[in-house]
Amino acid sequence: MNALLIRDLRLAVRAGGGFGLGLSFFLILVALIPFGVGPETELLARIAPGILWVGALLSCLLSLDRIFALDYEDGSLDLLATAPLPLEAVVAVKALVHWLTTGVPLTLAAPVLGVLLNLPWPGHLWLMASLALGTPALSMIGAFGAALTVGLKRGGLLLSLLVLPLYVPTLIFGAEVARRGAAGMALETPLLVLAGVSLATLALLPFAAAAVLRVNLR
Amino acid sequence: MASIWEYANPRKFIATANRLLPWVGGLACVALLVGLIWGFFLTPDDYRQGSTVKIIYLHVPSALMAINGWFMMLVASLIWLVRRHHVSALAARAAAPVGAVMTLIALITGAIWGQPMWGTWWAWDPRLTSFLILFLFYLGYIALWAAIEDDDTAADLTSILCIVGSVFAVLSRYAVDFWNQGLHQGASLSMDRADHVANVFYFPLLVCMSGFVLLFVALVLLRTQTEIRARRMRALLARERMA
């Protein structure tokens, strides 16, 4: 497991295009919003938590198809499937690597971009907390979507269509935590539900994703 | 008594469906005609909503079938995963576009009804939003079926998507409740409190609902037959090419 984790992390870092691309996309997306809605700071401050969450979600989406596609093409996924490590664990490690290379950088970058959008001060902390709690779920759901579409030649667009509706609950609770945090309201309920969604996703979806991968590798 | 699984035999299924279809289709036509004419022309206008209330005869039944269509797909997917009956997978595939259209009808009639009543075509109300999400789930499901060439792989993948999707659809349903308070009224019908809707509207509505149920069953039977025949045709063509 550790070997797979280290190998995938090395590949992600050295092959490039992984987190650099996602982060730049996030930056550009956030920079485009004021051009679209105008530069009034109160308006930007009000919509900032939502924008940052949707931005993080879309940047996450960008690198999903790389979770399995490269390994599928060169056949190493077949080797992993026949390895003693259960396929569920492989999926979990792949999702973890995806989270480490996109979710974590996005979480760290979000407060900086929050400054651009004039996010009120306590909001930064809660934005980071909600992203840190929510992005693992995004990566895991994304790994499931990637496993579904791995056999397809041009699965990228289909992947987005399949994964985005599944992102709805995470987005709702994550953005709610960030919004309430920015407004200084009580936020225990959405925070706990967000954590619950994340944990349930992490606990259950590896099995669904591994089942799907087995079908695709038949 | 023969086991219900006998109908999993495609030949038997087609024969049974052929016998059932005229009846189900005919009854659906009768129920819809009676229900809609009764509802549209023979019930009084609501004292607050005027004649716009009559769109209920399309809106509620289609919403009912939108949800139950997905539920039927879930059951069919589970049967496919557990017992590997091809007819079941094809029935799920056949039901998806019908369910998607029902969802669309519910959304559109809801918008047309909402415009005079709430003064807006669309509001981000929990019920409306969850139907929009349901529609997206239908689209993804149909797209995944269409994208995969191998039939069994497609059946497996879409079945698992249907199960995971169901969980997330239910989750989204309650998440949107949390996210926004709604304009939409509560359940219009329930077993114990039929007084939600006055009796004049209630009975034609029941007829319309049974009409929609029958229509859904008829369409799914017909489309499943078509899917079975299309698959046979592909098999025949493949065999001819091999020969």
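Me: In this predicted model, are α9(A) and α5(B) roughly parallel or roughly antiparallel to each other?

Reply: Angles under 35 degrees count as roughly parallel. Helix α9 (residues 168-183) of chain A packs against helix α5 (residues 151-179) of chain B at an angle of about 25°, so α9(A) and α5(B) are roughly parallel. Their axes are 8 Å apart, and the crossing is left-handed.

Me: Which residues of α9(A) and α5(B) meet?

Reply: From α9(A) come Val168(A), Pro169(A), Ile172(A), Phe173(A) and Glu176(A). Facing them in α5(B) are Phe168(B), Leu171(B), Ser172(B), Ala175(B), Val176(B) and Trp179(B). By kind, the residues of this contact are nine nonpolar, one polar and one charged.

Me: Where does UniProt list "transmembrane region" in chain A?

Reply: The unreviewed UniProt entry lists residues 12-37, 43-64, 96-119, 125-150, 157-178 and 190-213 of chain A. In the model, residues 43-64 of chain A are 91% helix and 0% strand, with the end C-alpha atoms 32 Å apart. For residues 157-178 of chain A, the figures are 95% helix, 0% strand and 29 Å between the end C-alpha atoms.

Me: Is Leu116(A) buried or partly exposed?

Reply: A residue is buried if 20 or more other C-beta atoms lie within 10 Å of its own, exposed if 12 or fewer, and partly exposed in between. Leu116(A) has 15 within 10 Å, so Leu116(A) is partly exposed. Leu116(A) belongs to helix α6 (residues 87-116) of chain A.

Notes: Residues numbered from 1 in each chain as written. Chains lettered and ligands numbered in written order. Predicted model: local features only at pLDDT ≥ 70, side-chain atom pairs only at ≥ 80, totals over all residues. UniProt positions renumbered as here; feature names shortened; annotations may be inferred. Helix = DSSP H or I, 4+ residues; strand = E, 2+ residues; numbered from the N terminus. Axes fitted to C-alpha atoms, helices over the stretch in contact; angles between N-to-C directions. Parallel < 35°, antiparallel > 145°, perpendicular 65-115°, else oblique. Left-handed = near helix turned anticlockwise from the far one by under 90°. Contact = placed C-beta atoms within 7 Å. Nonpolar A, V, L, I, M, F, W, Y, C, P; charged D, E, K, R; others polar.
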